[in-house]
Amino acid sequence: MEQELVIKSEQEILPISFWQAFLFWLKLGFISFGGPAGQIAVMHQELVEQKRWISEKRFLHALNYCMLLPGPEAQQLATYIGWLMHRTIGGIVAGVLFVLPSLFILIGLSWVYVKFGDVPIIAGLFYGIKPAVVAIVFHATYRIGSKSLKNKFLWVIAALAFLAIFFFNLPFPLIVLTAAIIGYLASKKYPTLFTGGSTHQQSKKDYGSAIIDDDTPTPAHAVFSWKHLGKILFIGAILWFVPIISLSLIFGWNHAYTQMAWFFTKAALLTFGGAYAVLPYVYQGAVNFYGWLNPTQMIDGLALGESTPGPLIMVVAFVGFLGGFNHALFGNEHLFLAGVFGAVIVTWVTFLFSFIFILAGAPIIESTHNELRFTAPLTTITAAVVGVILNLALFFSYHVLWPNGFNHPFNYEAAFIALAAFIALFHFEVKVIYVICASAFFGLILYIGA
């Protein structure tokens, strides 16, 4: 009987042809603007409401799992659904196509930025976009905080995290680890602090039957197997170790490329709460410690990331490109190649673990994601992330509104654009891409007219 259910499951999934799904994932890679919230909304509209490939309940079940993992949840959700429909190859295709278009676009825009950033038109566009980024990061702080800070305890965690990074400049990993330990210990004595409900509550809407419906049996490839887990972990380890060892042998451990691979490996494992959560860590390392780029370039990179499709964490490709280009790691005659190599390295190590988490861990964590001992530490991590992102917003504000320091004049034009973007996002709920475009237009007018 169990064998019949598995066969039935496979037959129900088959109507979604691989190439039909391939074309959808390819399209998604080019239209996934608006950060994780916008990307998840697009997938819900297409897959749940229109195509009926997967039911609302199964979609939210996958989303809740991805929200518990470090890394870009929208990209992981695409990988998960692709894996559920077409096994490992389906997950890989969905996840890669979600990232690949934005990688090529960002490499092209990074080259334009470093070659023509001083050209009045390009400089004018960035003059307007940077103040908008300030408003966008404040808006992200509000969005995450409004969803995650459900009680006074979590507000205290957020406040302590802000104080830790703002006044004491404590490392982001230490803040995350401390928050996780506090959450785990608090859940033992005060479990009610963490039982306020899921961020993503199930919708009551009924969109009709789906190919992968609520009662569709778990397909054979989605059932936990120690053999499958071992195989994925072994392959994943090879795909991580080989580049790291190769870079160490060719360039040396202390070389910028090797350090990029190591640094962004750590970043990939600490991105609880999405891209905005890891940006402070990236800033601490890439700007303050390694000096791969300067603070102004970091803000410009975030502006590029906000205005292109794909996960916002793709801003790391810009960091890698600038690191290779600024330091001429392949010599002055191969600056573009040095930048591309840096972008590819950091993209590889940043997203590799997202695939490993989905392909290896989904069958395990699906059965445990409602257990308090797992969710409580992640709840406090998310609360701490709110305080860290607020610090990032203040940092960007300082560099945009006082570009030359507090001892120099206040930039009233940038403040006006930031305020307008702030009102558009908070009051009128305008989409981020429209705010970016409008701000770039006004920035160009102000810059050229100055």
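Buried means under 20% relative accessible area, exposed means over 50%, and partly exposed lies in between (1.4 Å probe, protein chains only). This is a predicted model, where local features need pLDDT of at least 70, side-chain atom pairs count only at pLDDT 80 or more, and totals for chains, interfaces and linings use all residues. Residues are numbered from 1 along each chain as its sequence is written, and side-chain values use heavy atoms, leaving out hydrogens and water.

**View A. Trp19 and Phe22 form an aromatic pair.** Rings of Phe, Tyr and Trp (its six-membered ring) pair if their centres lie within 6.5 Å; planes under 30 degrees apart are stacked, over 60 edge-to-face, the rest tilted. The structure holds 41 aromatic pairs. Trp19 and Phe22 are edge-to-face, at 5.2 Å centre to centre and 65 degrees between the planes. Both sit in helix H2 (residues 18–31), three residues apart, so about one helical turn separates them. Helices are DSSP runs (H or I, at least four residues), numbered from the N terminus. Trp19 is exposed at 58%. Phe22 is partly exposed at 24% relative accessibility.

**View B. Phe24 pairs with Trp53.** Their ring centres are 5.8 Å apart and their planes stand at 75 degrees, so this pair is edge-to-face. It links distant parts of the chain, 29 residues apart: Phe24 is in helix H2, Trp53 in the loop between helix H3 (35–50) and helix H4 (56–67). Phe24 is buried at 3%, and Trp53 is buried at 5%.

**View C. Ile175 lies in helix H8 (residues 172–189).** Ile175 is buried, with a relative accessible area of 8%. Contact means heavy atoms within 4.5 Å. Not counting residues up to four places away in sequence, Ile175 touches Ala161, Ala164, Ile165, Leu170, Ala384 and Val388.

Technical notes
Helix = DSSP H or I, 4+ residues; strand = E, 2+ residues; numbered from the N terminus.
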